[in-house]
Amino acid sequence: MTDAKKLFIKTYGCQMNVYDSERMAETLGVQGYVQTQIADDADMILLNTCHIREKAAEKIYSELGKFRSLKDAKPNLKIGVAGCVAQAEGAEIIRRQPMVDLVVGPQSYHKLPQMEAQVQAGYRALDTDFPEEDKFDHLAKRPKAKRGPTAFLTVQEGCDKFCAFCVVPYTRGAEVSRSSERVLAEAADLVERGVSELTLLGQNVNAYHGHPGGLAGLIWQLSEIKDLKRIRFTTSHPNDMDDALIEAHRTCEKLMPYLHLPVQSGSNKVLKAMNRKHTRESYFSIVDQIRTARPDLLLSGDFIVGFPGETDADFEDTLDLVRQVGYGQAYSFKYSARPGTPAAEKGEVDPKVAIERLHILQALLLKQQYAAQASMVGRDVKVLFEKKGRKEGQLIGKSEYLHAVHAFAPGDMLGQVVPIRIIKDMTNSLTGELL
Ligand code: SAH
Ligand code: SF4
Ligand code: F3S
């Protein structure tokens with residue numbers, strides 16, 4: 001028997017890429033590849049890339065540079081670029097990077113088997129189409145192997161919102177929802193393989209329309225899977241937080257009290273220029289409704305500072321919004337002009353000013369995050385234990401609020417949801433004890 005070919009995948013960007021990498025590995029698994037964590041051992045290296053900010057895209061080219069000597073030493077090594085940089089710059093990669101054998105866009109990776117054969121035959125392969133068919137229908141069946149207690153499940157892809165700064169509508173294409181039958185079947189299968197917590201993914205997951213009841217309808221149906229204990233979803237657009245979803249946060253016990261609801265800016269002028277189609281007031285109103293439905297919900301957000309035209313007063317509005325809302329967790333970024341997006345045509349804020357604003361905002365958000373975490377001490381939570389801790393006898397998992405919690409607990413509690421009292425805040429995680 002010949003040795004199996006080895007596949008090394010490196011994943012950048014959002015959780016959808018994490019899910020896609022898993023599916024690509026399974027698809028190439030059928031072609032005889034097993035995954036390795038060591039690039040030097042690989043017969044194929046696949047970079048699953050992100051194009052969201054300039055830095056993310058640049059990383060790919062420096063990473064490719066690093067693999068050049070590996071390829072010189074091992075001429076049979078195949079190098080592939082997948083994901084959003086592949087979609088945005090695929091033809092150019094093929095032109096400018098002779099070492100790259102294969103370029104596959106996010107909507108085409110069901111074609112990997114044919115592309116791999118082409119590459120093995122000595123040709124280079126490029127596919128960045130947005131095909132009519134749904135790639136998920138054409139992928140290899142998922143294997144039956146046991147797996148860890150948490151999993152991502154993509155239910156919706158693409159975006160029709162066209163925020164003025166964002167490449168996603170171009171790299172992932174128009175919004176498409178998978179049918180609820182398919183999602184339910186995949187979920188049931190994952191649960192059978194040991195998954196207790198599912199995070200439903202979509203660039204605009206709450207715009208999901210593959211179920212007559214929308215995302216809330218899907219969540220209610222998923223909650224009927226007996227051994228599925230927890231459901232989460234990300235990322236949501238404020239305008240798609242409908243009443244049914246808010247109601248699900250009130251009444252669906254399996255839906256976790258955590259919501260990632262990006263707002264990007266607190267200034268109505270900037271929101272308008274960003275084409276976000278919501279105002280600060282409408283955001284406040286949605287947050288109020290959700291918190292009325294689920295008072296303990298931990299809110300997370302995304303922010304961009306230094307969007308073209310953002311003044312000191314606009315930035316003050318963002319700080320004010322953050323103070324009023326109060327986030328338990330957040331991501332903030334300096335605006336990065338992306339080729340082909342409408343905002344890229346506009347004059348930029350002085351980079352020094354933008355960096356200064358980013359630091360001020362991040363300090364405020366971090367203060368809120370630490371305060372939210374510290375407020376957990378003395379409270380009882382439920383933790384889904386995901387893995388062993390560094391100390392003997394310790395397990396690590398996540399609370400309902402996505403806080404990392406470690407506690408001394410018997411090993412057979414791995415994969416279980418266990419009541420825990422939080423006794424100490426360790427800044428990056430919480431210490432708990434069994435109740
Ligand atoms: N679909 C999600 C976000 C996807 S991108 C949503 O609509 O909320 C993740 C985050 O990256 C965005 O929320 C935004 O904060 C940030 N982002 C997107 N484009 C960016 C750009 N050009 N410059 C800086 N940050 C950006
Ligand atoms: Fe990008 Fe806006 Fe769509 Fe989010 S809603 S993916 S930020 S265009
Ligand atoms: Fe990046 Fe593409 Fe996700 S651009 S954030 S990997 S959708």
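Contact means heavy atoms within 4.5 Å. The structure is a predicted model, in which local features need pLDDT of at least 70, side-chain atom pairs count only at pLDDT 80 or more, and totals for chains, interfaces and linings use all residues. Residues are numbered from 1 along each chain as its sequence is written, ligands are numbered from 1 in the order in which they are written, and side-chain values use heavy atoms, with hydrogens and water left out.

Leaving aside neighbours within four places in sequence, Ser180 is in contact with Tyr208, Gly210, His211 and Leu218. Ser180 lies in helix H7 (residues 180-192); helices (H or I, at least four residues) and strands (E, at least two) are DSSP runs, numbered from the N terminus. Because its relative accessibility is 4%, Ser180 counts as buried, where buried means under 20% relative accessible area, exposed over 50% and partly exposed in between (1.4 Å probe, protein chains only).

Two helix pairs were examined, with axes defined as lines fitted to C-alpha atoms, for helices over the stretch in contact, and angles running from 0 to 180 degrees between N-to-C directions. The axes of helix H8 (residues 214-222) and helix H9 (residues 243-251) come within 7 Å and cross at roughly 30°. H8 and H9 are therefore roughly parallel to each other; angles under 35 degrees count as roughly parallel, over 145 as roughly antiparallel, 65 to 115 as roughly perpendicular and the rest as oblique. Leu215, Ala216, Ile219 and Trp220 of H8 make the contact with Ala244, Leu245, Ala248 and Thr251 of H9. Seven of the residues in this contact of H8 with H9 are nonpolar, one is polar and none is charged. In this classification, Ala, Val, Leu, Ile, Met, Phe, Trp, Tyr, Cys and Pro count as nonpolar, Asp, Glu, Lys and Arg as charged, and the others, Gly among them, as polar.

Helix H12 (residues 312-325) and helix H13 (residues 351-374) pack with their axes 10 Å apart, at an angle of about 5°, and are therefore roughly parallel to each other. On the H12 side, Asp312, Phe315, Thr318, Leu319, Val322 and Arg323 meet Arg357, Ile360, Leu361, Leu364, Leu365 and Gln368 in H13. The contact of H12 with H13 comprises seven nonpolar, two polar and three charged residues.

A nonpolar core is a set of buried Ala, Val, Leu, Ile, Met, Phe, Trp, Tyr and Cys residues joined through side-chain atoms within 4.5 Å. The largest such core has 73 residues, of which Leu200, Leu222 and Tyr327 touch the most other members. Helix H11 (residues 280-293) supplies the largest share of this core, six residues. A second, separate core of 23 residues includes Ala86, Ile94, Val100 and Val103.

The shell around ligand 2 consists of Cys159, Lys161, Phe162, Cys163, Phe165, Cys166, Val168, Pro169, Asn204, His237 and Arg276, each with a heavy atom within 4 Å of the ligand. By class, seven residues of the ligand 2 shell are nonpolar, two polar and two charged. Ligand 3 is surrounded by Cys14, Asn17, Thr49, Cys50, His51, Ile52, Cys84, Arg172 and Gln203, and its shell divides into four nonpolar, four polar and one charged.

Some backbone features remain. Most residues other than glycine have a negative phi, and most peptide bonds are trans. A cis peptide bond, with omega about 0°, joins Thr234 and Thr235. Leu402 has a positive phi near 70°, and Thr427 has a positive phi of about 70°.
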